[in-house]
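Hello,

Here is the structure I promised to send over. Have a look at it first, and my notes on what I found follow below.

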Amino acid sequence: MPYSPESLQAFVEAAALGSFSAAARRLRKTQSTVSTAIAHLEADLGMVLFDRSGRYPQLTDAGRQVLGHAQEILAADARLQQLSVRLAAPVEPRLTVVFSDVYQLDPAQRVLQRFAEAFPEIELEWLDAEGRDVLELVDAGRAGLGLLPRQARYPDALVAQPLAHHSELAVYVASNHPLAQAGVRAAAQLARHRHVRLSAQVDHAPPISGPAWTASDYLMVMEMAEDGIGWAELPRALVQRYDRGRLLELRVPGWPRRIHSDLVWRRDTPPGPAALWWAEALG
């Protein structure tokens, strides 16, 4: 092809971040390198992709049309690179993954059993964390692969891969909690009752005023809700698997909410065959 993956990457990042300098920081290149790569892409395609007349570059009509195709090409290139790793690279002797509890293993899919069959010699460590804690563990190299609800922005040192997998968060209270009898009036009464939530809140909805207790993981949040401490937003799959029949899902407008997830890893330490297996298994 007449254009390089580097020029496409510079174009896609600049479009996503709205700034050549921000794209340069994410790609760990100089701003002049990014600007030159985009200029070369424009010359190769014979069209102007950015309007540079303002303080920040803006996509032109042609740029908006090219963007989707550029993203498809880069995604295909990433899949090809991943395939080459799976076929040629040595399997990691050890893999540490850190997953948010929004993801729950489906027993019917036998995910862990299939992984053990595919990589019988590997040593696997599974960590649970939420929000920024997932990012910090991966960024620090403590975990090679992380899964968490999709974030608006990621640290420049990390790569995020969107997953087809999604979860649902719903609002729950104990069956003997006053809100359990509120019916359709529950939404208007939430602020009067204690809210039990994650310390690292992964939901970006505006907080509801009122008293709150926090916990570092969803299982503790669920236990507090079961004990009648307050109402909580919890992953439906987690409740279905671990609740002891003590929780009631409230009918609240806008809930349940679909939560999409991303896999993340360090840009300078790409995933090996075992980590890529998880990327494929989770879709």
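In helix 10, the buried residues are Pro 273, Ala 274, Ala 275, Leu 276, Trp 277, Trp 278, Ala 279 and Leu 282. Helices (H or I, at least four residues) and strands (E, at least two) are DSSP runs, numbered from the N terminus. Just after helix 10, Gly 283 takes a positive phi of about 80°.

Before you read on, please note that this is a predicted model: local features need pLDDT of at least 70, side-chain atom pairs count only at pLDDT 80 or more, and totals for chains, interfaces and linings use all residues. Residues are numbered from 1 along each chain as its sequence is written, and side-chain values use heavy atoms, with hydrogens and water left out.

**The chain as a whole**

The chain has ten helices and eleven strands. Of its 283 residues, 43% count as buried. Its C-alpha atoms fill a box of roughly 70 × 55 × 30 Å, taken along the principal axes.

**Aromatic rings**

The structure holds ten aromatic pairs. Rings of Phe, Tyr and Trp (its six-membered ring) pair if their centres lie within 6.5 Å; planes under 30 degrees apart count as stacked, over 60 as edge-to-face and the rest as tilted. The pair of Phe 115 and Phe 119 is tilted, because the ring centres are 5.3 Å apart and the planes stand at 45°. Both Phe 115 and Phe 119 are buried.

Trp 126 lies in strand 4 (residues 123-128) and Trp 278 in helix 10 (residues 273-282), so the pair ties together parts that are 152 residues apart in sequence. Trp 278 is buried, at 0% relative accessible area, whereas Trp 126 is partly exposed at 29%. Both belong to one aromatic cluster, along with Phe 99, Tyr 103, Phe 115, Phe 119 and Trp 277.

**Salt bridges**

A search of the whole structure finds 15 salt bridges, each being a side-chain nitrogen of Lys or Arg within 4 Å of a carboxyl oxygen of Asp or Glu. Among them are these:

- Arg 26 and Asp 156 meet at 3.8 Å, N to O. This pair links helix 2 (residues 20-27) with the loop between strand 5 (145-149) and strand 6 (158-174), 130 residues apart. Arg 26 is buried at 14%, and Asp 156 is partly exposed at 30%.
- Asp 139 and Arg 266 meet at 3.0 Å, N to O. Here helix 6 (residues 132-139) is linked with strand 11 (residues 257-266), and the two residues are 127 residues apart. Asp 139 is partly exposed at 32%, while Arg 266 is buried at 17%.
- Glu 168 and Arg 236 meet at 2.6 Å, N to O. Glu 168 is in strand 6 and Arg 236 in helix 9 (residues 236-242), 68 residues apart.

Arg 94, Glu 123, Glu 125 and Arg 142 are linked in a network of salt bridges.

Best wishes

Methods. Buried means under 20% relative accessible area, exposed over 50%, partly exposed in between (1.4 Å probe, protein chains only).
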